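Please read it alongside the sequence and the coordinates shown here.

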Amino acid sequence: MERMESMEPISACYTTSYPEIQPDSGYGSRETPENQAKTPPAPAYNEELEHKTILVGDSGVGKTSLLVQFDQGKFISGSFSATVGIGLTNKVVTVDDTKVKLQIWDTAGQERFRSVTHAYYRDAHALLLLYDITSKSSFDNIRAWLTEIHEYAQSDVVIMLLGNKADMSSERAIRRDEGERLAREYSVPFMETSAKTGVNVELAFTAIAKELKQRAIQQPNEAKFQIHQYIEARKEKSGCCSYF
Ligand SMILES: Nc1nc2c(ncn2[C@@H]2O[C@H](COP(=O)(O)OP(=O)(O)OP(=O)(O)O)[C@@H](O)[C@H]2O)c(=O)[nH]1
């Protein structure tokens, strides 16, 4: 992933149209072969849609590493070089045989770039909010991040909380149940990830893509996609100890 500086927020738009229900469409009337044919088809997902997804969280929690692991399937260890400004990676995720385009913005966690990243929140469709399980301060700052998100992002933005560096269990400072409790408090889905081993990395982005796709084709009376259940059924919880 290329780290680049860019100040210009870009927007994605939803163009999926819902079929209009005509008064004579057959709803509420007796089923006949003739009016069956008039039943509107389920709205098709527009694969050209681009969903703006943003990685946020304190500096050093692993935002860039998570994205590199998702995009390239690798982890670059060694010296840490902080993101300057904001970087963009385009990624296509296949969900139920449908291609969902994610436009993933990797923001700089450092305070001095905050005014740049705020500008990107406004038209974000999804936010992945990370803390580092070995850093209490990064966890404590999650509330401030959520306040900021509620201030600058749209009210229906999809938010997911991720406790990253789950491979570093010997240095763990935040128990998994603490992350779970915080996520419950804010009604957001949660999982622990490791950009190093890849644990739950693909799942985090796939769940977001699935949620965004479902929202784009959601019919008013249709049951909503349950992202919490989707994640709970699939996330990996590393072996042993109650500490993970
Ligand atoms: N062991 C381990 N190290 C990680 C993991 N994720 C990131 N790191 C390391 O943590 C350091 C910071 O990672 P980055 O991905 O650059 O962090 P960032 O959140 O993008 O930081 P900023 O760009 O400053 O906002 C690097 O040295 C990474 O190698 C992980 O899951 N496990």
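In this predicted model, the largest nonpolar core has 49 residues, and those with the most contacts inside it are Leu 55, Leu 127, Leu 128, Leu 129, Met 160, Ala 204 and Ile 208. Helix H7 gives the most to this core, contributing 7 residues. For Ala 204, once its neighbours within four places in sequence are left aside, the contacts are with Leu 128, Met 160, Leu 162, Met 191 and Thr 193.

Of the 244 residues in the protein chain, 33% are buried. Among the contacts in the protein chain between residues at least 6 apart in sequence, 74% join residues at least 24 apart.

Helix H7, spanning residues 201-217, also meets helix H2, spanning residues 63-72, with axes that come within 9 Å and cross at roughly 85 degrees. Because angles of 65 to 115 degrees count as roughly perpendicular, H2 and H7 are therefore described as roughly perpendicular to each other. On the H2 side the contact is made by Leu 66, Gln 69 and Phe 70, and on the H7 side by Val 201, Glu 202 and Phe 205. Sorted by class, the contact of H2 with H7 has 4 nonpolar, 1 polar and 1 charged residues.

Beyond H2, in the loop between that helix and strand S2 (86-95), lies Phe 80. Is Phe 80 buried or exposed? Phe 80 counts as exposed because it has 10 C-beta neighbours inside 10 Å, and the exposed class covers residues with 12 or fewer. Phe 80 and Gly 62 are 18 residues apart in sequence, while their C-alpha atoms are 9.6 Å apart in space.

As for confidence, the protein chain averages a pLDDT of 83, and 80% of the residues score at least 70. The predictor gives the complex an ipTM of 0.99 and a pTM of 0.82.

Note on methods. Residues numbered from 1 in each chain as written. Predicted model: local features only at pLDDT ≥ 70, side-chain atom pairs only at ≥ 80, totals over all residues. Axes fitted to C-alpha atoms, helices over the stretch in contact; angles between N-to-C directions. Helix = DSSP H or I, 4+ residues; strand = E, 2+ residues; numbered from the N terminus. Parallel < 35°, antiparallel > 145°, perpendicular 65-115°, else oblique. Contact = placed C-beta atoms within 7 Å. Nonpolar A, V, L, I, M, F, W, Y, C, P; charged D, E, K, R; others polar. Core = buried A, V, L, I, M, F, W, Y, C linked by C-beta atoms within 7 Å. Buried ≥ 20, exposed ≤ 12 C-beta atoms within 10 Å, placed from the backbone. pLDDT = per-residue confidence, 0-100.
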